[in-house]
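Student: Could you take me through one part of this model up close? I'd like the chain it belongs to as background, then the packing detail.

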There are 2 protein chains.
Amino acid sequence: MKYTEAKSDLIQAWGNLGYSWGLNKVMAQIHALLMVSAKPLSADEIMDELKISRGNANMNIRALLEWNIIYRISVPGERKEYFKAEKDTWVLARQVAKERRKRELEPILKTLKNVSAVENDGSEETKEFKKVVKELKGFAEKSDSLLDTFIKAEESWFWSTIMKVFK
Amino acid sequence: MKYTEAKSDLIQAWGNLGYSWGLNKVMAQIHALLMVSAKPLSADEIMDELKISRGNANMNIRALLEWNIIYRISVPGERKEYFKAEKDTWVLARQVAKERRKRELEPILKTLKNVSAVENDGSEETKEFKKVVKELKGFAEKSDSLLDTFIKAEESWFWSTIMKVFK
DNA sequence: TTAAATTTTCAATATTTATTGAAAGTTTAT
DNA sequence: ATAAACTTTCAATAAATATTGAAAATTTAA
């Protein structure tokens, strides 16, 4: 298989995976491109490789910076900014987990806490509702601590040992 | 807080979470509605509660059935079909993990395997590419076995014990 | 059978989300 | 200061996705 074909296949596939991780397609593609690139790339190079507009490139680069999964690089003597990806997949996964926890889990935990306070009118509906909310809350809290553990796994001897089982 | 308000808040919030799990909004809302409902509901009741069309209801119910997170219920003497949700959150999470593994992880593993076969022309690009692909492959495989372990966790003494730590 | 009840399909339409590109803004070298 | 290099913004537009609803298909009771 030729390099250029392999590269575009990988960018495509990583784009799809990233999409299902909550990034958008172009964000994920830019990330993939920076992943496989030996050198940091400028916005122009990214636009060129992925055939996207300047505005699109700019917005998605910014989003990736916000997610902390790519970094801004300054080359001395050069005016342009360059970007490189976080290439350590575990750091990457941790970073994504952190963002998603903030964006997804925190809101549902808040809602579950709110709706727990539903007034018990003695009806079967209310009874069932309370039961389900309690179950969901337990689940969300467990997910939250699992995620938290994962995010902090690097620092934990126990978990980093467990993780090694999966080599 | 009133029951009807709590219910619609929960459906809304669960809809958002489900969306980020790879379901679509209405799918997730139907699931939420069936979660909190004490009795199985018919398509008409779902249409009515969520204010969606028959076609929409039908399609999303079918999708939920495909994901195996709601069940078809027949009431003797009734012509209509009823639906109820899987209410055990761990079964639910496992089912979702299973689907996503199939839909997301399997394709990227396939691509990574393919692009590994890129021909080494000795250039720096190719060298870096091969390195990154190897790293990604290792990561994807580990994720795969983690997921697999999670999916099968119920049967495993070791993991069900570990899980209990998160109560 | 027939026909009423129910479910499914799908072309048309509406809604949401992503993308463009040119203008405005910012930074830096001289 | 000026202007070139570069980045950001955002209204307009395009593309993707979701939704409707009426017609077709299917199921069931009598």
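Tutor: Let's start with the background: of the 167 residues in chain A, 49% are buried (under 20% relative accessible area; exposed is over 50%, partly exposed in between, with a 1.4 Å probe and protein chains only). Bear in mind that this is a predicted model, where local features need pLDDT of at least 70, side-chain atom pairs count only at pLDDT 80 or more, and totals for chains, interfaces and linings use all residues. Residues are numbered from 1 along each chain as its sequence is written, chains are lettered from A and ligands numbered from 1 in the order in which they are written, and side-chain values use heavy atoms, leaving out hydrogens and water.

Chain A has 7 helices and 3 strands (DSSP runs numbered from the N terminus: H or I of at least four residues for helices, E of at least two for strands). From the N terminus, they go α-α-β-α-α-β-β-α-α-α. Chain A is more spread out than a compact globule, because its radius of gyration is 21 Å, well over the 15 Å that the globule rule gives for 167 residues (taken over C-alpha atoms; the rule is 2.2 Å times the number of residues to the power 0.38). Along the principal axes, its C-alpha atoms fill a box of roughly 70 × 40 × 35 Å.

Now the close look, over in chain B. The axes of helix H3 (residues 43-50) and helix H4 (residues 54-66) of chain B come within 9 Å and cross at roughly 115° (axes are lines fitted to C-alpha atoms, for helices over the stretch in contact, with angles from 0 to 180 degrees between N-to-C directions). H3(B) and H4(B) are therefore roughly perpendicular to each other (65 to 115 degrees; under 35 is roughly parallel, over 145 roughly antiparallel, the rest oblique). Their crossing is right-handed (near helix turned clockwise from the far one by less than a right angle; anticlockwise is left-handed). B:Ala43, B:Asp44, B:Ile46 and B:Met47 of H3(B) make the contact with B:Arg54, B:Ala57 and B:Ile61 of H4(B) (heavy atoms within 4.5 Å). By class, that's 5 nonpolar, no polar and 2 charged residues (nonpolar: Ala, Val, Leu, Ile, Met, Phe, Trp, Tyr, Cys and Pro; charged: Asp, Glu, Lys and Arg; polar: the others, Gly among them).

Follow the chain past H4 and you reach B:Asn68, in the loop between H4 and strand S2 (70-74) of chain B. B:Asn68 isn't a glycine, yet has a positive phi of about 60°. With a relative accessible area of 40%, B:Asn68 is partly exposed.
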